[in-house]
Amino acid sequence: MRNRIYFLAGWLLFLVACEPKQKSLSYEEFIANDRKDIDEFMNNAEDSPFIGADSIIQLNYYPPNENFKVIAEIERINDDSQLTLGTSDGVPRVYKKHAFLKFELAQLPQQLLVLKGDDGLFLAFADLTNDDTTYGGGRYINLNFSDQADKITLDFNLAYNPYCEYNAGYSCPLPPLENYMKVAIEAGEMLYK
């Protein structure tokens, strides 16, 4: 009986030792997986802006560049001020001013205004690549942070085009004037065509 217990314990140790270790993803692999998921959504989801497309959709991106991944300080706006944004279809949208994100990029101080709407936080920005290699109406970055957070990772490699770039049936808010950056953000999604 004792030999049997030793054998089973040894076998369990062998199995645990032989179990493949979960490899952590490199930054490039993380971005590649994110882009693969987005392409899959664009091709297969019922709420894709490409629904009914007769060809395989593959979006265009800049190569991943960690220089466009920054830590931003969160400076909350503690009043009830609002901002009305123009949209691609001319129907304005009203947002609450929520916070400023302050960071350095290209050795220059930067600041972006985060807005809050019915769907949560909203960050749209424009930069010197618009109308050249990126969509002229600016790009968006999804983000979320708690009321207690004082910093956030802001990754421009995750910047994406609003749906109106692909389908005129969508209404897309334009970036607020505060978010027109005087640098070229050569990261994230590029023009589709």
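Leucine 101 touches Ala72, Glu73, Ile74, Gln110, Gln111, Leu112, Val114, Leu123, Leu143, Phe145, Ile152 and Leu154, leaving aside residues up to four places away in sequence. Contact here means heavy atoms within 4.5 Å. The model is predicted: local features need pLDDT of at least 70, side-chain atom pairs count only at pLDDT 80 or more, and totals for chains, interfaces and linings use all residues. Residues are numbered from 1 along each chain as its sequence is written, and side-chain values use heavy atoms, without hydrogens and water.

Leu101 also belongs to the largest nonpolar core, which has 25 residues. Leu101, Leu154 and Phe156 touch the most other members of this core. A nonpolar core is a set of buried Ala, Val, Leu, Ile, Met, Phe, Trp, Tyr and Cys residues joined through side-chain atoms within 4.5 Å. Buried means under 20% relative accessible area (1.4 Å probe, protein chains only). Two or more core residues come from each of strands E1 (69-76), E3 (93-105), E4 (108-117) and E8 (151-155). E3 gives the largest share, four residues. A second, separate core holds 13 residues, including Ile77, Phe100, Leu115 and Phe122.

The protein chain has two helices and eight strands. These are DSSP runs, numbered from the N terminus (helices H or I, at least four residues; strands E, at least two). Their pattern along the sequence is α-α-β-β-β-β-β-β-β-β.

Of the 193 residues in the protein chain, 39% are buried. Among contacts with a separation of 6 or more, 64% join residues 24 or more positions apart. The accessible surface of the protein chain is about 12,300 Å² (Shrake-Rupley method, 1.4 Å probe). Carbon and sulfur atoms account for 52% of this surface.

Terms used
Buried means under 20% relative accessible area, exposed over 50%, partly exposed in between (1.4 Å probe, protein chains only).
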